[in-house]
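Have the model open while you read.

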Amino acid sequence: MSGGVVAIVQARMGSSRLPGKVLLRLGEVTVLECLLERVARARLVGTLVVATTTAREDDPIATLCVLGDVRCYRGHATDLLDRHLRAARACGAEHVVKIPSDCALIDPAVIDRVLGAYLDRAGRYDYVSNLHPPTYPDGNDVEVFSFAALESAWRLARRPLDREHTTPFLWDTPGAYRLGNVAWETGRDLSMTHRVVLDYAE
C-alpha cells in the first residue's frame, strides 16, 4: 500500500447501453462489488473510492458503499473530469488510479504493474497507462496520473470530450504532459513481462 495513492472507480446507474449494469448480479455479488474486491487486492493501492453522481438513481450505489465500508464521493453526472478531481481532492490524493466500473474482472496484478511503473519512476511521468497503445486483454484498463496533472487538466480542458472522459486532455495534448505506457509482450508469461515503452514528452 502506498501513501497518497487513491484509486477511483467511476460508477453510475445510467448506462445508455445497459442501465443499472454496475448493480447486476455476478453470482452472489454485484458487478461493482466484484470490481471493488479485486481493486482492493492490489498491493500498491492506498485509498479506494467510488465516484458516483448526485442523481437520485445513484442512491443505491452510495448505499452499497456504506454497507461495504467503501468511501463514496458524489459529484457531477457528465463532467467526469470534475468528478474525479473533487473525489481525489476529498481523499487527499497525490497520485490517482482511474479504474472504469465495467472492468469487473480486472487483475489486481495488472493494477500493481502499471501503478508500480509509475511509482518506481517518481517525478518522471505525469501519466502512465496500459492503453496507449492497448496491449492487455480487454477489461484490464489502468490509468495512473499525478494529482497535479489532474488539477491542471481540470483547469485547462474545454472540449466536451475532455470533460466527459477525464483523461483525454492528459494524453492528447502534445508536449503538455510526460506520458508513459506499460505494454504486455503478448504470448509470454504475464507475470514476467512488462515494461514502460513510450515517452511521449519529457
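## Ground rules

This is a predicted model, where local features need pLDDT of at least 70, side-chain atom pairs count only at pLDDT 80 or more, and totals for chains, interfaces and linings use all residues. Residues are numbered from 1 along each chain as its sequence is written, and side-chain values use heavy atoms, with hydrogens and water left out.

## Helix H2 and its two faces

Let's start on the outside: the face of H2 turned away from its buried side carries Val-66 and Leu-67, both exposed. Exposed here is over 50% relative accessible area, buried is under 20%, and partly exposed is in between (1.4 Å probe, protein chains only). Helices (H or I, at least four residues) and strands (E, at least two) are DSSP runs, numbered from the N terminus.

H2 spans residues 59–67, and its buried residues are Ile-61, Ala-62, Leu-64 and Cys-65. Looking down the axis of H2, the buried residues fall within an arc of 160°, so they line one face of the helix; the arc is that of the directions from the helix axis to the C-beta atoms. They pack against strand E3 (29–30), helix H1 (31–40), strand E4 (47–53) and strand E5 (71–75), with contact meaning heavy atoms within 4.5 Å. After H2 comes Asp-69, with a positive phi near 60°.

Strand E6 (residues 95–100) has six of its six residues buried, so it is largely enclosed by the rest of the structure. His-95, Val-97 and Ile-99 point one way, while Val-96, Lys-98 and Pro-100 point the other.

What does E6 pair with? Strand E1 (residues 5–10) runs parallel to E6, joined by six bridges, and Val-9 stands opposite Ile-99. Strand E8 (residues 143–146) pairs with E6 in the antiparallel sense over four bridges, with Lys-98 opposite Glu-143. Pairing takes at least two bridges found by DSSP between two strands.

## The cores

A nonpolar core is a set of buried Ala, Val, Leu, Ile, Met, Phe, Trp, Tyr and Cys residues joined through side-chain atoms within 4.5 Å. The largest one has 36 residues, and Val-97, Ile-99, Ile-111 and Val-142 have the most contacts inside it.

Beyond its neighbours within four places in sequence, Ile-99 is in contact with residues including Ile-8, Leu-35, Val-39, Ile-106 and Asp-141. There's also a second, separate core of 22 residues, with Leu-81, Ala-88, Val-96 and Ala-157 among them.
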